[in-house]
Amino acid sequence: MGPVGTQSIWKTSAVLADGREIIYFDESPGLGREFAPDTRPLPPRPPGPPRPVGTAESGIRWDPLAGEWVVIAAARQDRTFLPPPDQCPLDPSAPGRPTEIPASSYDVVVFENRFPSLREPLGRCEVICFTSDHYSSFAELTPERVRTVFEAWVDRTRVLSALPGTEQVYCFENRGEEIGVTLSHPHGQIYAFPFVTPRTERMVEQARGYNGDNLFDDLVAAELRAGVRIVTRNEHWIAFVPESARWPYEVRIFPAARVPDLPSVGEAAREAFGPLYLDVLRRFDALFDRPAPYIAAWHQAPVSDAAARRKFAAHLQVLSVRRAAGKLKYLAGTESGMGVWINDIVPEEAAQRLREAR
């Protein structure tokens with residue numbers, strides 16, 4: 001298969017030893033990575049849970065008090081936990097050391113998670129590796145590699161959205177042990193949820209009840225007028241600290257032209273995303289002169305709600321749990337117990353610090 005879209009990125013796929021799919025996104029054609037065999041003696045994957053509610057060990061359960069679905073994934077207790085670098089399962093395979101990626105090298109690769117929170121037919125969880133370099137980070141990628149990652153996000157959003165039962169596709173990255181990361185190799189995840197997530201549902205409700213033309217458009221326009229919380233921008237993207245930021249350091253990145261999801265982002269905006277996003281991530285790292293623990297979360301419109309898609313604005317949220325050098329933001333009594341957030345940093349001050357961070 002390939003190339004992907006209008007960009008010179010080639011997509012090929014193969015099957016791992018236990019039947020999971022792996023997809024390579026290469027920046028050159030004809031590399032043959034899909035022919036590398038998975039030599040591991042893995043047992044076949046267990047069957048997924050039935051819909052809509054799973055077994056005692058896995059599945060989703062409805063919380064009638066909160067009006068939300070909860071994912072039960074007891075099998076993830078056995079997932080790989082902070083292995084030494086020479087045993088990382090996300091590195092390319094080497095003689096005598098087969099990994100999750102059978103090829104001896106790769107650019108960007110996506111595969112079904114061996115320890116998923118959701119299993120088909122209920123949902124699907126994928127891992128995306130941004131680089132084969134174990135010691136790198138997203139902030140150290142080139143703009144060209146970010147474009148490859150972007151095209152992989154677009155492809156997976158499109159493919160997973162077409163799966164029966166998918167209601168929302170969520171692309172995200174967790175970085176740092178402070179966040180709870182169990183593998184240090186630069187990677188993210190992609191979930192196909194069988195329901196609309198609570199955060200997205202709430203945003204959709206707010207957009208529907210808004211009295212103006214469009215809630216998202218007016219929010220971005222207000223930030224541009226105020227100016228004080230803008231961190232950086234270019235012709236196609238705006239990055240700002242929200243006026244009501246919940247996290248000490250939190251940035252929202254919106255495309256200048258509203259779109260419901262990643263596949264709807266235009267060619268010029270896709271090209272312009274990498275330089276701006278790398279700038280934002282490097283500012284986060286420069287805040288306290290050390291790698292920032294963060295979550296990068298793509299908010300996309302529900303898959304099958306046409307009315308919501310007309311109003312929704314896809315955007316990226318980047319947040320760090322670090323509030324000062326050596327200090328973390330914990331979700332304690334008010335946040336975890338009551339859902340009332342208390343931010344230790346004034347958003348305008350956070351934006352200024354990010355603008356000054358180099």
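This is a predicted model: local features need pLDDT of at least 70, side-chain atom pairs count only at pLDDT 80 or more; totals for chains, interfaces and linings use all residues.

Trainee: OK. Which residues touch the most other members of the largest nonpolar core?

Mentor: Phe 138, Trp 153, Trp 237, Ile 253 and Tyr 277, out of 54 residues in that core. H4 supplies the largest share, 10 residues.

Trainee: What is Trp 237 in contact with, beyond its neighbours within four places in sequence?

Mentor: Its partners include Phe 150, Ile 253, Phe 273 and Trp 298.

Trainee: And how many residues are in the second, separate core?

Mentor: That one has 14, among them Ala 14, Ile 22, Leu 90 and Ala 103.

Trainee: Back to H4. How do the axes of H1 and H4 cross?

Mentor: At roughly 125°, coming within 9 Å. H1 is therefore oblique to H4. The crossing is right-handed.

Trainee: Which residues make the contact?

Mentor: From H1, they include Phe 150 and Trp 153; from H4, Phe 273 and Leu 278 are among them. The contact residues split into 8 nonpolar, 1 polar and 5 charged.

Trainee: New topic. Where is the cis peptide bond?

Mentor: Between Glu 120 and Pro 121, with omega about 10°. Pro 121 sits in the loop between strands S5 and S6.

Trainee: And Asp 289, buried or exposed?

Mentor: Exposed, because its relative accessibility is 72% and the cut-off is over 50%. Asp 289 lies in the loop between H4 and strand S12. Its phi is positive, near 55°, and it isn't glycine.

How values were computed: Residues are numbered from 1 along each chain as its sequence is written. Side-chain values use heavy atoms; hydrogens and water are left out. Axes are lines fitted to C-alpha atoms, for helices over the stretch in contact, and angles run from 0 to 180 degrees between N-to-C directions. Helices (H or I, at least four residues) and strands (E, at least two) are DSSP runs, numbered from the N terminus. Angles under 35 degrees count as roughly parallel, over 145 as roughly antiparallel, 65 to 115 as roughly perpendicular and the rest as oblique. A crossing is left-handed if the near helix is turned anticlockwise from the far one by less than a right angle, and right-handed if clockwise. Contact means heavy atoms within 4.5 Å. Ala, Val, Leu, Ile, Met, Phe, Trp, Tyr, Cys and Pro count as nonpolar, Asp, Glu, Lys and Arg as charged, and the others, Gly among them, as polar. A nonpolar core is a set of buried Ala, Val, Leu, Ile, Met, Phe, Trp, Tyr and Cys residues joined through side-chain atoms within 4.5 Å. Buried means under 20% relative accessible area, exposed over 50%, partly exposed in between (1.4 Å probe, protein chains only).
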